[in-house]
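Welcome! Here is a short briefing on the salt bridges of a structure that may be new to you.

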Amino acid sequence: MHGVLARTRRANQTLAEAFVHYPLGLMPVPERRRLHVRDHHPNAARPGADPNLAELHQAGLRPGASRSRFARAVVYPLTWRGIRSTTAGIAASLRHCGAWHRAAAACAVPGAAYLTGGWPALVCGFLVPRLLLYPQLAWLSLINEHTWFAPEPRTGSPAWVEAGRCLRLYPHNQLLARLAAATWLP
(Lines give C-alpha, C1' and ligand atoms only; values in the text may rest on other atoms or scores of the structure.)
Protein backbone atom coordinates (compact mmCIF):
# COMPACT_ATOMS: atom_id res chain seq x y z
CA MET A 1 0.00 0.00 0.00
CA HIS A 2 2.82 2.37 0.74
CA GLY A 3 4.55 1.83 -2.61
CA VAL A 4 7.98 0.84 -1.31
CA LEU A 5 8.63 -2.54 -2.99
CA ALA A 6 9.58 -1.20 -6.40
CA ARG A 7 10.59 2.08 -8.00
CA THR A 8 7.40 2.70 -9.96
CA ARG A 9 3.77 2.87 -8.89
CA ARG A 10 2.81 0.42 -11.63
CA ALA A 11 5.38 -2.16 -10.49
CA ASN A 12 4.23 -1.79 -6.88
CA GLN A 13 0.61 -2.23 -7.90
CA THR A 14 1.41 -5.28 -10.05
CA LEU A 15 3.36 -6.97 -7.24
CA ALA A 16 0.67 -6.27 -4.65
CA GLU A 17 -2.14 -7.47 -6.93
CA ALA A 18 -0.35 -10.61 -8.13
CA PHE A 19 1.04 -11.84 -4.83
CA VAL A 20 -1.47 -10.60 -2.25
CA HIS A 21 -4.73 -9.09 -3.47
CA TYR A 22 -5.63 -11.58 -6.21
CA PRO A 23 -4.78 -14.77 -4.29
CA LEU A 24 -6.43 -13.59 -1.06
CA GLY A 25 -9.55 -12.14 -2.68
CA LEU A 26 -8.86 -8.60 -1.48
CA MET A 27 -10.15 -5.41 -3.07
CA PRO A 28 -8.14 -3.86 -5.93
CA VAL A 29 -4.91 -2.18 -4.85
CA PRO A 30 -5.89 1.35 -6.00
CA GLU A 31 -9.04 1.18 -3.87
CA ARG A 32 -7.16 -0.19 -0.85
CA ARG A 33 -4.43 2.39 -1.32
CA ARG A 34 -7.02 5.18 -1.36
CA LEU A 35 -8.63 3.90 1.84
CA HIS A 36 -5.35 3.28 3.64
CA VAL A 37 -2.91 5.94 2.48
CA ARG A 38 -5.18 8.81 1.45
CA ASP A 39 -8.14 8.40 3.82
CA HIS A 40 -6.64 6.72 6.90
CA HIS A 41 -3.08 8.04 7.25
CA PRO A 42 -3.84 11.76 7.50
CA ASN A 43 -6.94 11.07 9.64
CA ALA A 44 -5.78 8.31 11.99
CA ALA A 45 -8.08 8.03 15.03
CA ARG A 46 -10.22 11.02 13.98
CA PRO A 47 -13.92 10.14 14.34
CA GLY A 48 -15.85 10.65 11.13
CA ALA A 49 -12.66 10.89 9.07
CA ASP A 50 -10.73 7.65 9.69
CA PRO A 51 -12.26 4.72 7.76
CA ASN A 52 -10.58 2.20 10.10
CA LEU A 53 -12.67 3.37 13.06
CA ALA A 54 -15.76 1.77 11.49
CA GLU A 55 -14.12 -1.65 11.86
CA LEU A 56 -13.41 -1.00 15.53
CA HIS A 57 -16.99 0.14 16.10
CA GLN A 58 -18.32 -2.99 14.37
CA ALA A 59 -16.52 -5.08 17.00
CA GLY A 60 -17.94 -2.93 19.79
CA LEU A 61 -14.87 -0.83 20.49
CA ARG A 62 -15.62 2.76 21.25
CA PRO A 63 -13.82 5.37 23.37
CA GLY A 64 -14.13 4.40 27.01
CA ALA A 65 -14.84 0.71 26.29
CA SER A 66 -14.52 -1.52 29.35
CA ARG A 67 -11.57 -3.87 29.77
CA SER A 68 -13.82 -6.88 29.24
CA ARG A 69 -15.21 -5.44 26.00
CA PHE A 70 -11.67 -4.71 24.86
CA ALA A 71 -10.57 -8.26 25.73
CA ARG A 72 -13.47 -9.72 23.71
CA ALA A 73 -12.71 -7.37 20.83
CA VAL A 74 -9.08 -8.50 20.67
CA VAL A 75 -10.25 -11.89 19.35
CA TYR A 76 -13.10 -10.53 17.19
CA PRO A 77 -11.76 -12.04 13.89
CA LEU A 78 -11.77 -15.48 15.51
CA THR A 79 -15.45 -15.27 16.49
CA TRP A 80 -18.31 -16.41 14.25
CA ARG A 81 -19.21 -12.76 13.68
CA GLY A 82 -15.63 -11.98 12.68
CA ILE A 83 -15.36 -14.99 10.36
CA ARG A 84 -18.67 -14.00 8.74
CA SER A 85 -17.36 -10.47 8.29
CA THR A 86 -14.14 -11.77 6.69
CA THR A 87 -15.96 -14.05 4.25
CA ALA A 88 -18.51 -11.34 3.44
CA GLY A 89 -15.62 -8.96 2.70
CA ILE A 90 -14.01 -11.47 0.34
CA ALA A 91 -17.32 -12.10 -1.44
CA ALA A 92 -18.07 -8.37 -1.71
CA SER A 93 -14.60 -7.70 -3.08
CA LEU A 94 -14.98 -10.37 -5.74
CA ARG A 95 -18.51 -9.20 -6.67
CA HIS A 96 -17.62 -5.51 -6.60
CA CYS A 97 -14.68 -5.84 -8.92
CA GLY A 98 -16.51 -7.83 -11.56
CA ALA A 99 -13.25 -9.03 -13.10
CA TRP A 100 -13.33 -12.75 -13.87
CA HIS A 101 -9.55 -13.03 -13.47
CA ARG A 102 -9.72 -11.78 -9.87
CA ALA A 103 -12.29 -14.44 -8.95
CA ALA A 104 -10.33 -17.08 -10.89
CA ALA A 105 -7.16 -16.26 -8.94
CA ALA A 106 -9.04 -16.34 -5.65
CA CYS A 107 -10.28 -19.85 -6.56
CA ALA A 108 -6.98 -21.06 -8.03
CA VAL A 109 -5.03 -20.70 -4.79
CA PRO A 110 -7.25 -22.96 -2.67
CA GLY A 111 -7.53 -25.29 -5.68
CA ALA A 112 -3.75 -25.51 -5.91
CA ALA A 113 -3.53 -26.14 -2.16
CA TYR A 114 -5.99 -29.01 -2.49
CA LEU A 115 -4.19 -30.49 -5.50
CA THR A 116 -0.87 -30.22 -3.69
CA GLY A 117 -1.84 -31.84 -0.40
CA GLY A 118 -5.53 -32.65 -0.33
CA TRP A 119 -7.88 -31.51 2.41
CA PRO A 120 -5.15 -30.95 5.02
CA ALA A 121 -3.33 -28.55 2.68
CA LEU A 122 -6.56 -26.76 1.81
CA VAL A 123 -7.62 -26.36 5.43
CA CYS A 124 -4.24 -25.83 7.14
CA GLY A 125 -2.39 -24.20 4.25
CA PHE A 126 -5.10 -21.88 2.98
CA LEU A 127 -8.40 -21.64 4.85
CA VAL A 128 -7.08 -21.27 8.39
CA PRO A 129 -4.43 -18.70 7.41
CA ARG A 130 -6.81 -16.73 5.17
CA LEU A 131 -9.92 -16.81 7.32
CA LEU A 132 -8.33 -16.72 10.78
CA LEU A 133 -4.62 -15.89 10.98
CA TYR A 134 -4.37 -13.04 8.47
CA PRO A 135 -7.51 -11.29 9.79
CA GLN A 136 -6.38 -11.73 13.41
CA LEU A 137 -2.90 -10.30 12.78
CA ALA A 138 -4.31 -7.39 10.77
CA TRP A 139 -6.85 -6.80 13.55
CA LEU A 140 -4.19 -6.75 16.28
CA SER A 141 -2.25 -4.23 14.23
CA LEU A 142 -5.34 -2.04 13.88
CA ILE A 143 -6.14 -2.22 17.60
CA ASN A 144 -2.55 -1.41 18.59
CA GLU A 145 -2.43 1.52 16.24
CA HIS A 146 -5.65 3.05 17.45
CA THR A 147 -5.09 2.51 21.16
CA TRP A 148 -1.74 4.26 20.95
CA PHE A 149 -3.10 7.33 19.28
CA ALA A 150 -4.29 10.38 21.12
CA PRO A 151 -6.62 12.71 19.22
CA GLU A 152 -4.87 15.97 20.09
CA PRO A 153 -3.41 17.50 16.92
CA ARG A 154 0.31 18.23 16.69
CA THR A 155 2.02 20.33 14.03
CA GLY A 156 5.45 19.94 12.50
CA SER A 157 7.16 17.36 10.34
CA PRO A 158 5.22 14.16 9.50
CA ALA A 159 7.50 12.13 11.81
CA TRP A 160 6.90 14.60 14.67
CA VAL A 161 3.12 14.45 14.15
CA GLU A 162 3.14 10.64 14.15
CA ALA A 163 5.39 10.50 17.23
CA GLY A 164 3.00 12.82 19.06
CA ARG A 165 0.20 10.30 18.73
CA CYS A 166 2.08 7.77 20.83
CA LEU A 167 0.85 9.20 24.11
CA ARG A 168 -1.23 6.37 25.57
CA LEU A 169 1.22 3.50 25.24
CA TYR A 170 3.35 4.44 28.28
CA PRO A 171 1.51 7.23 30.11
CA HIS A 172 3.50 6.72 33.35
CA ASN A 173 6.95 5.96 31.94
CA GLN A 174 8.51 8.92 30.14
CA LEU A 175 11.60 6.98 29.07
CA LEU A 176 9.58 4.25 27.31
CA ALA A 177 7.20 6.84 25.84
CA ARG A 178 10.15 8.74 24.35
CA LEU A 179 11.68 5.52 23.03
CA ALA A 180 8.37 4.54 21.38
CA ALA A 181 7.84 8.00 19.92
CA ALA A 182 11.38 8.14 18.58
CA THR A 183 11.48 4.68 17.02
CA TRP A 184 8.22 2.81 16.38
CA LEU A 185 5.71 5.27 14.98
CA PRO A 186 7.88 7.55 12.84
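Glutamate 17 is buried, with a relative accessible area of 10% (buried means under 20% relative accessible area, exposed over 50%, partly exposed in between, with a 1.4 Å probe and protein chains only). This is a predicted model, in which local features need pLDDT of at least 70 and side-chain atom pairs count only at pLDDT 80 or more, while totals for chains, interfaces and linings use all residues. Residues are numbered from 1 along each chain as its sequence is written, and side-chain values use heavy atoms, leaving out hydrogens and water.

Where it sits
- Leaving aside residues up to four places away in sequence, glutamate 17 touches Tyr22, Pro23, Pro28, Val29, Pro30 and Arg102 (contact means heavy atoms within 4.5 Å).

The salt bridges
- You will find two salt bridges in the structure (a side-chain nitrogen of Lys or Arg within 4 Å of a carboxyl oxygen of Asp or Glu).
- One of them joins the side chains of glutamate 17 and arginine 102, at 3.0 Å from N to O.
- This pair links distant parts of the chain, 85 residues apart: glutamate 17 lies in helix H1 (residues 9-24) and arginine 102 in helix H6 (residues 100-148).
- Arginine 102 counts as buried, at 5% relative accessibility.
- Aspartate 39 and arginine 34 also form a salt bridge, with their closest N and O atoms 2.9 Å apart.
- Aspartate 39 is partly exposed at 24% relative accessibility, and arginine 34 is partly exposed with a relative accessible area of 37%.

Definitions and conventions:
Helix = DSSP H or I, 4+ residues; strand = E, 2+ residues; numbered from the N terminus.
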